[in-house]
Amino acid sequence: MKVNKRGIVAFGAIAAISTLTLAGCASGGADTQGGGEESTDSSLTVWVDAERVDALQGAADAYEDKTGVKVEIVGKDVDTIKDDFIQQVPTGKGPDITMGAHDWLGELSTNGVVAPLELGDSASDYLDVALQASTYDGAVYMLPYAVENIAVLRNADLVAEPATDFADMIAKGKAAGLDQPFVVEQGAEGNPYHLYPFQTAFGAPVFGTDASGSYDAADLQLGSEGGTAFAQWLGEQGAAGVLNTDIDGEIAKQQFLDGKAAFWLTGPWNVGAAVDGGINVEIDPVPSPTDQVASPFAGVKGFFVSSESDNKVAANDFLVNYLGTEDVQLELFKAGNILPALTAAADTAASDPIIAGFQTVGADAVPMPAIPAMGAVWEFWGVAEAAVINGADPAATWQKLADDVAAAIK
Amino acid sequence: MSDTTAVEKAEAEQTPPPTRRQRQAASIAEAASGRIGWMLLKIVLLAIVDAIALYAAFVLFTHHEWVVLALVVLVTVLVNYIYFSRKAVPAKYLTPGVIFLIVFQVFTLLYTGYIGFTNYGTGHNGSKDQAVAALMRSAQERVEDSPAYPVTVVEQLGTLGLLVTDPEDGDISVGTNDQPLAEVDGATMEGGEATAVDGWTSLSFAQVLARSNEIEQLSVPFSDDPNDGAIRTPDGQNGYLYVSSLEYDEAAGTMTDTDSGTVYKDIGTGAFTSADGEELLPGWQITVGFDNFVRAVTDESIRGPLISVTIWTFVFALISVASTFFLGLLLALVFNNTRMRFRNGYRILLILPYAFPAFLSALVWAGMMNESFGFINQVILGGASIPWLTDPVLAKVSVLIVNLWLGFPYMFLVCMGALQGIPDEVNEAGVMDGANPWQIFRQIKLPLLLVTVAPLLISSFAFNFNNFNLIYMLTNGGPRFDDVSIPVGHTDILISMVYKVAFTGQTRDYGLASAFTIIIFIVVAVISIISFRKTKALEELN
């Protein structure tokens, strides 16, 4: 008897949990399904990262008031949002709109989960780099809301003047009595994103561009002469200890906060930490090791419309006509402190000298390639750079990198 | 059975002074164990289950989830039958476990198995219809320098059309999917845009939203010449002129590129493929038989590192089990000595590594083993620069050390329990017979210990064989092999290699990953079965 009773209690718990789970799964994203049947029933589900839910709520409420379409903002984990979107859209249970980054575009489009967007005449209201990044294969897929690029954070108490070039930066830092004046996030597997400005200064972009200005996977520029020259330079800096693969993001931050480094090549996401750490921060362009401009990658953030959305008309309308307004873009800016993609909002935001600093650097930035071939590049790029920094033969390692990438793209 | 006797024993012991609370508890227990109480309890619990199931069914019904709904109803009915019937006594015990087993084990296993036989992955993500729709959508190119046309969606006898105002010459025209734009007169104007015209009903914005899917399909030819393109409206208010660079012939199952004339055929590989092998992506999901399994063992890029990775996986799993077991056993023996003071304090300290989340520990160790900034080199070794994680051999040693640190507390706990289960008489008998301590340990205690611990060692082997977290967090497989063209390194084990091969960069190959998982499952299952057979022999000892 007694054992029996325990069995039934356990069973009750199990059944309750499993039915709830099943029901939960079913209700999780299916709200879009019945959406189109009645006008009063129309709703949009929007996936955003948790930090920006509040920033969008105002726009969502305004849209509901005006059109009667309910906009449900769902906070999601940034790390899983892309894979969840790709997996759920084909089942018809994904959201109508998701927040994302432009370098997902290749993957999203290859999987057929995004629908093109028509910005119409408002296209010219966005920063050039934002619009360029939102375009894939000739069609615009993303409503951009922020442009992110790295720049040099300078501790103005240690070094008062911006550096004119790379050697000058090291010299100024040494003059200030620092062993390791410049830090940049690396790691055992390198970090090519942060080293890219130097690579472009040697005239070696990853891919060439075709007539329309889109990256061309068939035109791999990585292994060009400039690439080898860049590898030589990496090797020299590694030998001199200027670049060190043992410095990861946390160590770089600590060195800068401790005043052991005066220059830190990083993105806007780290400015808060530096300012909170009491550092007198100024934003400088990336000092070039050559006489060419050092252009960092620009990452553009934006919103995509699901290809299986039953409410594409409302989704387009909400994105282009509501999220594409200065007010909403500034709301989003406040939530993330990243330069808005709408030119008018960007100019307003740039009243902050830090944002203005990043905006100046961003003028030279190039969009990170979104083509699927870029995935293969990331896979080998950092490790090769790390090897060169750690003393591997620059020319041979770089050649192997170019060969491996070329092989992987095929 | 033993439970009941234990309870009875406990009750017998506490008879003398029953406090008020105990009396209350006893009376509740009495009532509950009675026939009516038992019935009531059963009914209440089943009512709760049914209520939840009913709610779930309702939610599922509103979302048109027919399959899951049928399952929930079926299971609920079955459960009610089992617990109300007087006959199905064994089922009463088995049902909860079986339901759990099906939901959490059988379903996942079968699903993984199924995926292993498909080409599910990047570019093969959905159905063919979805792929065709996505291709056609992305093939729409806006005609350069064409203006934005203010449009109104209109309806006539159930057919949707567009009322278009030309912003350049102010012409008003109407057209549908089948009828190219034709000029109309007498339209109602509002701010320079036509909003209504006789014979057509204008749709309100809410109606436009409600018929979103039809409006997405609405493509009004600009003129009789299809090369002029068609007007579409993405937001129901503005129309744009598009031309399509792809043409789909449903009957022939082909896609034609209108610019280059290339014909892409469905050749059964899950994507439209041109004569020279170029694929149009997205494609769609199909079953591919044993292709993934064949690729898993024959693919050029995988075959290279496969052997060394497999050897290292076995070495890693075996050494991890052996080292953690012997360290755990040694410590258990030491702390089993009752003469030691503060035994419990030491024990708690030793169990600490087990209490931290494993991947957190792995990350902390990765930081401590950093060559120029790590705690080990900087503080413990006074500024040495030992490449703990970047030298191929040392990285393997580091992985084993960290896994030893992570794994020994478990073995310590298990061995401590098992040792306490060995009666002292055995020890005494050995001493009487003149055995020295080593002989007692080696020939009496260890075999007795292994009877209980051996199955745990096997499961520990299976766990370490697939210890993805540790490798991924500590070294991420690095340092990389110099001579292979996939991003695999010296400390990669099979499961982390699979992860890298199947999910390289932006490519997600779920089919290949599932096939690999099944192969690994078979390997581990075979080893486990053989080992369990062997341990049966140990049980003869008891």
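This is a predicted model: local features need pLDDT of at least 70, side-chain atom pairs count only at pLDDT 80 or more; totals for chains, interfaces and linings use all residues.
A residue counts as buried if 20 or more other C-beta atoms lie within 10 Å of its own, as exposed if 12 or fewer do, and as partly exposed in between, with C-beta atoms placed from the backbone. Helices (H or I, at least four residues) and strands (E, at least two) are DSSP runs numbered from the N terminus.

Contact requires C-beta atoms, placed from the backbone, within 7 Å. Gly177(A) follows α6(A), with a positive phi near 85°.

Chain B comprises 19 helices and 16 strands. Its radius of gyration is 36 Å, well over the 24 Å that the globule rule gives for 542 residues, so chain B is more spread out than a compact globule. The radius is taken over C-alpha atoms; the rule is 2.2 Å times the number of residues to the power 0.38. The C-alpha trace of chain B spans about 115 × 75 × 45 Å along its principal axes. Of the 542 residues in chain B, 32% are buried. Among contacts in chain B with a separation of 6 or more, 60% join residues 24 or more positions apart.

Residues are numbered from 1 along each chain as its sequence is written, while chains are lettered from A and ligands numbered from 1 in the order in which they are written. Local features need pLDDT of at least 70, side-chain atom pairs count only at pLDDT 80 or more, and totals for chains, interfaces and linings use all residues.

How values were computed:
Two residues are in contact if their C-beta atoms, placed from the backbone, lie within 7 Å.
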